[in-house]
Amino acid sequence: MKSFADSAFPRVLGMLVCLYFLSPVQSAYAGSTMPGPEASPQTEVVECSGYNATGIAHCAKSACFSSGDGRGLIDSQIEVTKSDEEGSERACYVELHSYLQFPGRRNPSFPRQFCIVAKAQSQNGLDRKARVRCTVKIPRFEHFFRLKDPPSSSPFDYSGKFNGVFPFSFTDNFSELTIALPFSLLESELNAQKDGAFVFYSWGVANAHASPHQSSAFPGEIFRDRFDLNMDVNLRSIVEDVDCKVKTSLSIPGSPLTAGTKVGALIQSADSTCDASGFFAHAFGLDALMSEAIRSAIASQAVGIVGTVLNEEDFNDWVIDDPKLKALLEEGWVGGTLCEAPFPAGICIKVSWRQRSLAEHRNLVRTSAPQGTIPPDLTGLAELRDELRKVSPRMPVAGDTNGYAFPAKRHPGGFDDGDMSIFGGLLCLSGEAEGCELVRRAQGSNGQFWRSPARANSKTDDQFSGDQFKGLAAYWAGTGDSKSLEKYLDSVSAKWTPYPSKATNIVKMYNGCTDDRGGKCNIIDEEWRWLNIFAAKLGVDAHVPADAKDYAAKFGDPVGMLPWKAIINKLGYRSHLVGVEIYISKKLGIADPRLDAAAEILAGRQPDNPFFLYLARGKDARVADLIRKKCVIDPAKQEWTQWSWERTESDHAWTNSMGWDCIFMINNLLN
């Protein structure tokens, strides 16, 4: 099972990933521009040439073009081609102007005018020429106006708190998902983009500011899609060491979520002054390096919708089991801008929807959740559980003199124990003693946990992850093992790494593994929520680091994020992880309408998943019927490899059930 942790979100805080839902900004205008049908693309050409008999030849020419009445530009898909080139330096830039409002002033906006700048320069000498031809092709769309949707009166209003790394708040009226890349981390990514064996360089962002663009469609509206960066760049080659001051204007333009286009920085202009002649901003392709570094820094960390867009993945497999999600995705747009408060200084990527589309989607999904019926008929379930206990696979621990074996997956080639800490913890909380023993034995002598008892105290490079931690939370909820928790907290407190934060510039990022190069064991909001809850409950709160006790101030409210994750996480293991958070909370008797809403959303998205339905409806006859339907013992089966409730319906994972997933669900109905 792959997790948020395994996909580097949010374990690796190489950037700050911020789920941030904003209230609508009031506007004096009755309507907002929405993208309409695609129009024919526009292609324009600008060329320049220069000659100097003695010295340096150079040329520069610019021309501006309108997209035409009633049309906007999809500037994330601009194609720029250089040809007919002569000279040592040739450059083509695209500058964007006359932005349209869409659909609110904080959302991505779209230009209606673009300017092409052609520049060329030769080296010093005799009979020098400089020439370049710039061809720009840019798609267009028809725009139209519509009245803004009225504010929602839904009683379900979720809010969290921002005071650090993960800001979060949720309202019905307006929605944006923001990923923030602080400049300090952008510098690190730029420095990592080494290109060529003979040139090395280092970057430093001196300052950055937005370049406001006045909207011609809506006087008074200011858009911030284009922004300026001033950077210090040191170029070091085998022949000289050069310090440059680079000034560049760039944008991360808006694009439809489902367009499948590469989202990255569009350099609109770049110039520099250096302490040696013959260098300017394009000497070593600095603009291309900046663009790729920005995209790489964001895309490598993003997951979910943003990760799919930025990494150019295909949404098709998202919607096979969830057609309602397709309609929501088709309404979303992604773009970038300079971060504004409350985010730290940096570049922000925003995914936006029109007003109320998320609320409408949420309400539609919730109404799809099956209603409760009658108490379940439990006849035969205890006997089915007994048979499953006999045939479900157990993996022996090598060298254990007592012959200990623990629940695991099995296939013809052997066993798979990579996710057994989470599954063992869930079994434990459902009342299965073997699950409790599994997690207990997965803790090493230093207090750290591993993925299974067979891996404890080993030097494997994949020791643990964020999804496996949820198994620990379930274990502590089921056993109250205070000594285990105390040892773990002491182990975690001794291992931390500094990370950037708006609140303090630097925070301690604690880690639960001895060797974790990828940050999968970083302990953040959900983990600290559980660690604080159990530390207080079991009397070991003195072992919680002082700076981790107010986890909501540091990371944001993890419970407040659950309804959002339930709505938009891809069905499969990601939505199952949301369900696990709900399950543990409810087993502890934590009452919160946000938990109930998230459970109903999951049940509405996958109504034939008995785990999700149990979270929403409890011990219900339909849950028992689904268990009987999907938990069928086949003695001839070779693959016992699936925890079925973390898969989609189209996977038919129950045909390869590991058996323990069914024992877990039966326990929840019988215990």
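Mentor: Let's start with C64 and C115, which form a disulfide with their sulfur atoms 1.9 Å apart. Keep in mind that this is a predicted model. In case the word is new to you, a disulfide is a covalent bond between the sulfur atoms of two cysteines. The torsion about the S-S bond of C64 and C115 is about 100 degrees, so this disulfide is right-handed. The pair links distant parts of the chain: C64 sits in strand 3 and C115 in strand 7 (residues 110-121), 51 residues apart. C115 has 4% relative accessibility, so C115 counts as buried.

The whole model has 16 aromatic pairs. One of them is F65 with F114, a tilted pair with 5.6 Å from centre to centre and 35 degrees between the planes. Here too distant parts of the chain are linked, with F65 in strand 3 and F114 in strand 7, 49 residues apart. Both F65 and F114 are buried.

The disulfide count comes to six. Another one joins C48 and C59, whose sulfur atoms lie 2.2 Å apart. This link is right-handed as well, with 45 degrees about the S-S bond. C48 is in strand 2 (residues 31-55) and C59 is in strand 3 (residues 58-66), 11 residues apart, and the pair is described as linking distant parts of the chain. Both C48 and C59 are buried.

C631 is in the loop between helix 18 (621-630) and helix 19 (660-670), while C662 is in helix 19, 31 residues apart. C631 counts as buried because its relative accessibility is 4%. C662 is buried too, because its relative accessibility is 2%.

While you're in that stretch of the sequence, have a look at N609. N609 is in the loop between helix 16 (593-605) and helix 17 (610-617). Its relative accessible area is 2%, so N609 is buried. Leaving out residues up to four places away in sequence, N609 touches L626, W645, R647 and E649.

There's also a cluster of rings to find. F423, Y583, F611, F612, W643 and F664 form one aromatic cluster. Besides F423, the buried residues of helix 8 include M420, I422, L426 and L429. After helix 8 comes G431, which has a positive phi near 110 degrees.

K565 lies in helix 14 (residues 558-568). Would you guess that a lysine like K565 is buried or exposed? K565 counts as buried, because its relative accessibility is 10% and the cut-off for buried is under 20%. The side chains of K565 and E526 are joined by a polar contact of 2.9 Å. R441 has its charged end over the ring of Y404, 3.8 Å from the ring's centre. R529 lies over the face of W530, at 4.3 Å from the ring centre.

Definitions and conventions: Residues are numbered from 1 along each chain as its sequence is written. This is a predicted model: local features need pLDDT of at least 70, side-chain atom pairs count only at pLDDT 80 or more; totals for chains, interfaces and linings use all residues. Side-chain values use heavy atoms; hydrogens and water are left out. Buried means under 20% relative accessible area, exposed over 50%, partly exposed in between (1.4 Å probe, protein chains only). Helices (H or I, at least four residues) and strands (E, at least two) are DSSP runs, numbered from the N terminus. A polar contact is a pair of N or O atoms within 3.5 Å; within protein, one must be able to donate a hydrogen and the other to accept it, and residues adjacent in sequence count only if both atoms are side-chain atoms. A disulfide is a pair of cysteine sulfur atoms within 2.5 Å. Contact means heavy atoms within 4.5 Å. Rings of Phe, Tyr and Trp (its six-membered ring) pair if their centres lie within 6.5 Å; planes under 30 degrees apart count as stacked, over 60 as edge-to-face and the rest as tilted. A charge sits over a ring if NZ of Lys or CZ of Arg is within 6 Å of the ring centre and within 35 degrees of the ring normal.
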